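Please keep the sequence and the 3D view open beside you as you read.

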Amino acid sequence: MIKEKDPLSEDRTNLKKKTLSVVVSVYNEEQALKECYTEMKRVLDTLSWDHELIFVNDGSSDGSLEVLKALASENPKVKLISFSRNFGHEAAMIAGLDYSTGDGVVCMDADLQHPPECLPQIIQALEEGNEVISMVRTRNQSAGLIKNITSSGFYWLINRISDVHFEPNASDFFAVSRSVAEVLKGNYREKVRFLRGYVQNVGFQKTTLEYEAGVRVAGESKYNLKKLFIFSVNTILCFSNMPLKLGIYAGILSGAAGMAVLIYTLFTRQGAPSGYATIVVLICFMFAMMFLLIGIIGEYIAILFTELKDRPVYIVRETANIEHN
């Protein structure tokens, strides 16, 4: 007697297991990489999805590349992308998105401040139909008081001058579906960019998950106050035209100040404001506003010039376990 095949059982067998692409940007993280890989692999091996672990070496000057090559030779699921020089953290995340093949893509840091234990929650959120998952930091054990205050102030400011709403304390730890990854690959290729802002700006069904940032495994943060300031300025200029409108407000303010001086002169009948200090203050104020506006316009022109040059976001020197280009 020949037993008929169960079509439902055959369909389940033929179902392809979904894959999660985990992108990890690396810059001088030699001391943290082995522990990072061990923790990542421990969690990834327990997931219901298959996985690929994409390390992007952002021009590290220490032994990070050698460690990554060794990991890639041991495990075919470990993929390596190595830049010709340091292009920056955001360029590394973009490269990971470009080379990823999974049904979902997660971007993380190599210092384990983005806990791998959150990956099961991310997969659950993706399976529920969410296509953009912003990871919101509730606490950062490594950040000092000044960094926490400036971070909160930055989100407060950008949310008031931009048309895009940013989740406060959202980080470069996020996840997107395959369709969103394709949108980011094909359309968001600016040279001056804010990737986590783009992720929150693309639309689609999205959700947020909270996490507590742990202590760095090794090394120190690559973002000092100077880099954070430049990064914040570029973000504001990319997502808001409000600074360009300061000229209107400065003109109104200067006009009001001039009118006040005129009224003062007419009522005191002195023909001119008394005192040299009054004139000096007004002149300094107006010149300060003028130079401020010229500087803001210069920053916008610099961004336009960078985009017009159209240089590559990154240059890949070598890869390992990468099957496509």
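H51 is buried, with a relative accessible area of 9%; buried here means under 20% relative accessible area, exposed means over 50%, and partly exposed lies in between (1.4 Å probe, protein chains only). This is a predicted model, in which local features need pLDDT of at least 70 and side-chain atom pairs count only at pLDDT 80 or more, while totals for chains, interfaces and linings use all residues. Residues are numbered from 1 along each chain as its sequence is written, and side-chain values use heavy atoms, with hydrogens and water left out.

You will find H51 in strand β2, which covers residues 50–57. Helices (H or I, at least four residues) and strands (E, at least two) are DSSP runs, numbered from the N terminus. Once neighbours within four places in sequence are set aside, H51 is in contact with T19, L20, L44, D45 and K77, where contact means heavy atoms within 4.5 Å.

A72 belongs to helix α3, residues 64–74. This alanine counts as buried, at 5% relative accessibility. Leaving aside neighbours within four places in sequence, A72 is in contact with V78, A320 and N321.

Another residue to look up is G197, which lies in helix α8, residues 195–201. G197 counts as buried, with 0% relative accessibility.

For a quick check in your viewer, here are some C-alpha pairs.

| Pair | Separation along the chain | C-alpha to C-alpha distance |
|---|---|---|
| A72 and L53 | 19 residues | 9.5 Å |
| G129 and S177 | 48 residues | 9.2 Å |
| G197 and D172 | 25 residues | 9.6 Å |

**Two helices to compare by eye**

Helix α4 spans residues 89–99 and is mostly covered, with 11 of its 11 residues buried. The buried residues of α4 include H89, E90 and D98, along with A91, M93, I94 and L97.

Which residues of helix α5 are buried? In α5, residues 119–127, they are L119, I122, I123, A125 and L126. Seen down the axis of α5, these buried residues fall within an arc of 160°, so they line one face of the helix. The arc is that of the directions from the helix axis to the C-beta atoms.

After α5 comes G129, whose phi is positive, near 105°. G129 sits in the loop between α5 and β5, the latter being residues 132–140. At 33% relative accessibility, this glycine counts as partly exposed.

**Positive phi at two asparagines**

N28 is not a glycine, although its phi is positive, about 55°. N28 is in the loop between β1 (19–26) and α2 (30–44). Its relative accessible area is 23%, and N28 is partly exposed.

N321 also has a positive phi although it is not a glycine, and here the value is about 65°. N321 is found in the segment after β8, residues 316–320. With 31% relative accessibility, N321 counts as partly exposed.

How much space lies in the second largest pocket? The value is about 180 Å³. Of the 10 residues that line this pocket, the closest to its centre are E52, P76, K79, T101 and E323. On a 1 Å grid over the protein atoms alone, a pocket is an open set of points where a 1.4 Å probe fits, with protein on both sides within 12 Å along at least five of seven lines; lining residues have an atom within 4 Å of a point. Grid points are joined across faces, edges and corners, and a volume is the space filled by probe spheres set on the points.

The lining divides into one nonpolar, five polar and four charged residues. Asp, Glu, Lys and Arg count as charged; Ala, Val, Leu, Ile, Met, Phe, Trp, Tyr, Cys and Pro count as nonpolar; and the others, Gly among them, count as polar.

**The chain as a whole**

Stepping back, the chain has 11 helices and eight strands. Of its 325 residues, 43% count as buried. Among contacts between residues at least 6 apart in sequence, 83% join residues at least 24 apart. The accessible surface of the chain comes to about 18100 Å², and 58% of that belongs to carbon and sulfur atoms. Accessible areas come from the Shrake-Rupley method with a 1.4 Å probe; for residues, only the protein chains shown count as cover.
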